[in-house]
Amino acid sequence: MLGNFSYSNPTKLYFGDDAQKNLSEELKHYGTKVLLTYGSGSIKTNGIYDEVISALRTAGKEVIELSGVMPNPTTEKLYEGAKIAWENDVDLILAVGGGSTIDYAKAVSVSAWYDGDPWKKFYIEQEDPDSNQRIIPVGSVLTMVGTGSEMNGGSVITNHETKLKIGKVFGESVIPKFSILNPRYTFSVPQRQMVAGIFDIMSHIMEQYFSGEDDNTSDYLAEGLMRSLIHSSRIAVKNPQDYEARSNIMWTSTWALNTLIGKGKSQDWMVHMIGQAIGAYTDATHGMTLSGVSIAYYRHILRYGLNKFVRFATAVWDIPAAGKTDEQLAQEGVNALLDWMKEIGVATEITSLGVTEEMLEGIADATFIMSGGFKVLTREDILSVLHESL
């Protein structure tokens with residue numbers, strides 16, 4: 001392990017098929033007014049809404065509802081939510097949904113009492129809330145896995161006017177105070193959304209894994225998580241109602257991005273930067289934007305981090321090393337990743353997401369370049385990855 005770091009995560013998790021029974025008790029720790037945020041209303045047809053409302057009533061809460069949170073929450077929706085939260089002086093934001101809904105709740109939590117443009121301060125300028133600023137606590141009830149947003153400070157917002165999709169990682173004051181994780185709540189998610197979430201999990205792990213050359217405990221943890229995810233995903237795509245597989249996927253998702261496996265690591269995140277830029281142009285499902293560019297990206301950087309790609313092939317995919325060069329072994333590992341992606345049914349090229357060749361220049365311009373991986377990309381590198389992903 002290299003460098004110095006601290007680790008703290010304040011989220012209290014309730015996990016299991018009875019996890020929701022803890023909600024009413026947890027709600028007692030907060031004030032009377034709760035802003036309930038959710039998406040298009042599917043929670044009203046699968047019974048989750050009724051269970052949440054029952055818990056809120058049992059806890060004696062006054063509920064203000066804010067529905068219609070879209071898969072890629074927009075600046076307009078953020079301004080709407082911040083205004084509602086401020087006008088009602090809410091004591092807690094309870095997000096019921098997947099990563100987008102929880103991301104949105106965090107954005108509202110820091111924006112409601114900020115006297116300025118939150119998009120500019122928190123997302124464009126990447127600033128943190130002022131030390132004396134009021135931040136509304138957030139809790140979550142998870143219904144779709146993938147982002148790990150239930151146990152981290154990440155929040156991604158899309159500005160359609162400027163064609164920018166930007167993530168901000170907030171500190172402990174914004175991370176959800178509690179999260180309810182019932183794997184059965186994810187059973188009604190359509191298969192395409194399920195597999196997109198599965199690849200989002202895989203991408204989170206790989207973005208942290210493909211960096212650094214030291215002997216790092218975090219990499220061993222990452223390999224175990226990837227192996228578990230691959231195994232459970234193969235079961236879940238054949239039988240989405242398999243509780244064991246779906247519960248393992250949910251738990252892997254949380255640990256993939258609660259910052260633990262990134263400790264002592266430099267980290268990459270360029271697949272996410274390119275994928276988010278694609279999302280700003282197409283509004284495509286987040287996990288699919290990642291899968292659409294991953295193979296081209298990893299083939300592009302493979303020679304710069306050859307040793308780690310060899311390890312990926314042997315430790316994650318069990319590819320025999322005998323009689324092969326490091327280059328051959330590394331390529332086989334990426335090919336195994338591609339085969340698995342096809343097996344579970346995620347996008348392996350970006351034209352299926354609505355990307356056209358005419359968009360590529362703009363997408364490249366909208367991609368934030370980050371260091372930390374095996375190679376710092378140039379704009380030309382990004383364009384090359386995009387062309388190879390068509």
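## Aromatic pairs, cores and buried residues

F170 is buried, because its relative accessible area is 4% (buried means under 20% relative accessible area, exposed over 50% and partly exposed in between, with a 1.4 Å probe and protein chains only). The model is predicted: local features need pLDDT of at least 70, side-chain atom pairs count only at pLDDT 80 or more, and totals for chains, interfaces and linings use all residues. Residues are numbered from 1 along each chain as its sequence is written, and side-chain values use heavy atoms, with hydrogens and water left out.

**Aromatic rings**

A pair of aromatic rings is described by the distance of the centres and the angle of the planes. Here, rings of Phe, Tyr and Trp (its six-membered ring) pair if their centres lie within 6.5 Å; planes under 30 degrees apart count as stacked, over 60 as edge-to-face and the rest as tilted. Searching the whole structure gives 20 aromatic pairs. For Y38 and Y49, the ring centres are 5.9 Å apart and the planes are at 65°, so this pair is edge-to-face. The pair links distant parts of the chain, 11 residues apart: Y38 is in the loop between β2 (33–37) and α2 (48–58), and Y49 is in helix α2. Helices (H or I, at least four residues) and strands (E, at least two) are DSSP runs, numbered from the N terminus. Y38 counts as buried because its relative accessibility is 4%, and Y49 is buried as well, with a relative accessible area of 15%.

F170 forms an edge-to-face pair with Y123, at 6.3 Å centre to centre and 80° between the planes. This pair also links distant parts of the chain, with Y123 in helix α5 (residues 118–124) and F170 in the loop between β7 (164–169) and β8 (178–181), 47 residues apart. Y123 has 1% relative accessibility and therefore counts as buried.

One aromatic cluster is formed by F199, Y209, F210, Y297, Y298, F309, F312, W317, W340 and F374.

Charges also sit over rings; the criterion is NZ of Lys or CZ of Arg within 6 Å of the ring centre and within 35 degrees of the ring normal.

| Charged residue | Ring | Distance from ring centre |
|---|---|---|
| K44 | Y49 | 4.9 Å |
| R311 | Y220 | 4.5 Å |

Helix α6 (residues 191–209) has 19 residues and should span 27 Å at 1.5 Å a residue; its end C-alpha atoms are 27 Å apart, which agrees. The expected span is 1.5 Å times one less than the number of residues. Because 16 of its 19 residues are buried, α6 is largely enclosed by the rest of the structure.

A nonpolar core is a set of buried Ala, Val, Leu, Ile, Met, Phe, Trp, Tyr and Cys residues joined through side-chain atoms within 4.5 Å. The largest has 100 residues, of which M202, Y298, F312, W317, L337 and W340 touch the most other members. With 10 residues, α6 gives the most to this core. Leaving out residues up to four places away in sequence, M202 touches M226, L229, I230, F312, W317, L337 and W340 (contact means heavy atoms within 4.5 Å). Another core lies apart from the largest one and has 23 residues, including L36, I48, L56 and F178.

Q276 belongs to helix α9 (residues 270–282) and is buried, with a relative accessible area of 6%. Not counting residues up to four places away in sequence, Q276 touches V156, K165, I166, G167 and H286. S247 belongs to helix α8 (residues 243–256) and is buried at a relative accessible area of 9%.
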